[in-house]
Amino acid sequence: MNFNFDEIIDRRHTDAVKYDGMKEMWGRTDLIPLWVADMDFATAPFITEAIRKRCENPVLGYTCKPDSYYQAIIRWNKQRYGLEVEKEMIGFVPGIVPGIGMAMNAFTEKGDKVMIQPPVYHPFRWLTERNGRTLVLNPLKWEDGMLRMDLDAFRQQIKGCKLFILCNPHNPGGVVWKEEELKAVAEICYEEGVLVFSDEIHADLTLPPRTHRPFALVSEKARMNCVTFMSPSKAFNMPGLTASHVLIFNGKLRRKFRQYMDACELDLGHAFAFLAVEAAYSHGTEWLDQCLAYIQENIDYVDAFLKAHAPKIKVIRPQASYLVWLDCRELGMTQDQLNDFFVEKARLALNDGAMFGEEGVGFMRLNIASPRSVIEQAMKQLAEAYETL
Ligand SMILES: Cc1ncc(COP(=O)(O)O)c(C=O)c1O
């Protein structure tokens, strides 16, 4: 079956953050929105179909998690990643960011040190600071045009921390970590007594020929010392359903987390959550293969276009995800000027690189998960703005 990713779907007035949130963010609505990390493609049809079918019964009562939900997660992880998961290791969380916040509260105390690797997904910093923990930074470094871990600094900076939040694969850099990086992190954190949260929300968006490596698979020390966060929300475009899960392989950690979640019944979920996850993981392979191929073509298009028409804006080609980290440092602008350039001149709404940490100054994050014609129009506007420089 062929899925149509070229279709333009009008998302305005659906309360979509990416569209209807533009006014609040930029005070205007005439920008092409290429910011919030969801896709402008239709949510995978077997997911919307499962929801439609459920609505044939008009009673949206309390809903339990069926065994088939757990089995779908187990199958997907085994088939796609060779990761063996048992039912008891799976816990529902209402979104990855809330899940990380809940787990942070379950496993650490106020004032504890939490380390992250900027430039990185900004809620890692928010969660740490807003929950009264102490932020420790281990900035990534540039190596052969890609962000990589600075493991020498990591060894020093992790001392005294209680928690390390790993973004695997990495947003906004699009990095699929090398096995040796993940192994080193596992070894150091285990020896230093630092728990690892591995946020693997972008795992299913790893672009072939690369493959995702779950942190829990790199060593037994990793497996016993991590909480893995996963969800079909990014890859199948259903983040509005807030249906995610944790995998915890260590029984002691699992009991601690369960106790925390049970205290306020934080893992209840909702009537559409479990059937959507099950549908994604049961019918998703063919759709996802085609979606990834489309994303890859959009990345190729943007890369070639900017090389030809705006060569001072460099594309950091993602190895995973549809988020493209644009290196704009050669434009020689301040961050305010750069933001102004994209909004006022190019009429594009991108994420400001600086929101991912000061290491993101000089960068912008471009979401290319839109129909090709939208990306072509966006590139045309960017080239016209570039001409005026
Ligand atoms: C690394 C990472 N984690 C988590 C999220 C958001 O997860 P959720 O919407 O499930 O809270 C995103 C969204 O862009 C992300 O990039």
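The phi of Glu265 is near 50°, a positive value in a residue other than glycine. Glu265 counts as exposed because it has 7 C-beta neighbours inside 10 Å. The cut-offs I used: buried at 20 or more other C-beta atoms within 10 Å of a residue's own, exposed at 12 or fewer, partly exposed in between, with C-beta atoms placed from the backbone.

I note that the model is predicted, with local features needing pLDDT of at least 70 and side-chain atom pairs counting only at pLDDT 80 or more, while totals for chains, interfaces and linings use all residues. Residues are numbered from 1 along each chain as its sequence is written.

I then checked Ser321, in the loop between strand S11 (314-316) and strand S12 (323-327). Its phi is near 85°, again positive in a residue other than glycine. Ser321 counts as buried, because 30 C-beta neighbours lie inside 10 Å.

Next I looked up cis peptide bonds. One joins Asn171 and Pro172, with omega about 15°; Pro172 is in the loop between strand S7 (161-167) and helix H8 (179-192). Another joins Pro208 and Pro209, with omega about 10°. I placed Pro209 in the loop between strand S8 (195-199) and helix H9 (220-224).

I turned to helix H12 (residues 285-309). H12 has 25 residues and reaches 36 Å from its first C-alpha to its last, close to the 36 Å expected at 1.5 Å a residue; the expected span is 1.5 Å times one less than the number of residues. I listed its buried residues as Trp287, Cys291, Tyr294, Ile295, Asn298, Ile299, Val302 and Leu306. These pack against S11, S12 and helix H14 (372-387), where contact means C-beta atoms, placed from the backbone, within 7 Å.

Last, I took the pair H4 (residues 67-81) and H11 (residues 273-283), which pack at an angle of about 35° with axes 9 Å apart. Axes are lines fitted to C-alpha atoms, for helices over the stretch in contact, and angles run from 0 to 180 degrees between N-to-C directions. In H4, Ser68, Tyr69, Ala72, Ile73, Arg75 and Trp76 meet Phe274, Val277, Glu278, Tyr281 and Ser282 in H11. I sorted this contact by class into seven nonpolar, two polar and two charged residues, with Ala, Val, Leu, Ile, Met, Phe, Trp, Tyr, Cys and Pro as nonpolar, Asp, Glu, Lys and Arg as charged, and the others, Gly among them, as polar.

How values were computed: Helices (H or I, at least four residues) and strands (E, at least two) are DSSP runs, numbered from the N terminus. Two residues are in contact if their C-beta atoms, placed from the backbone, lie within 7 Å.
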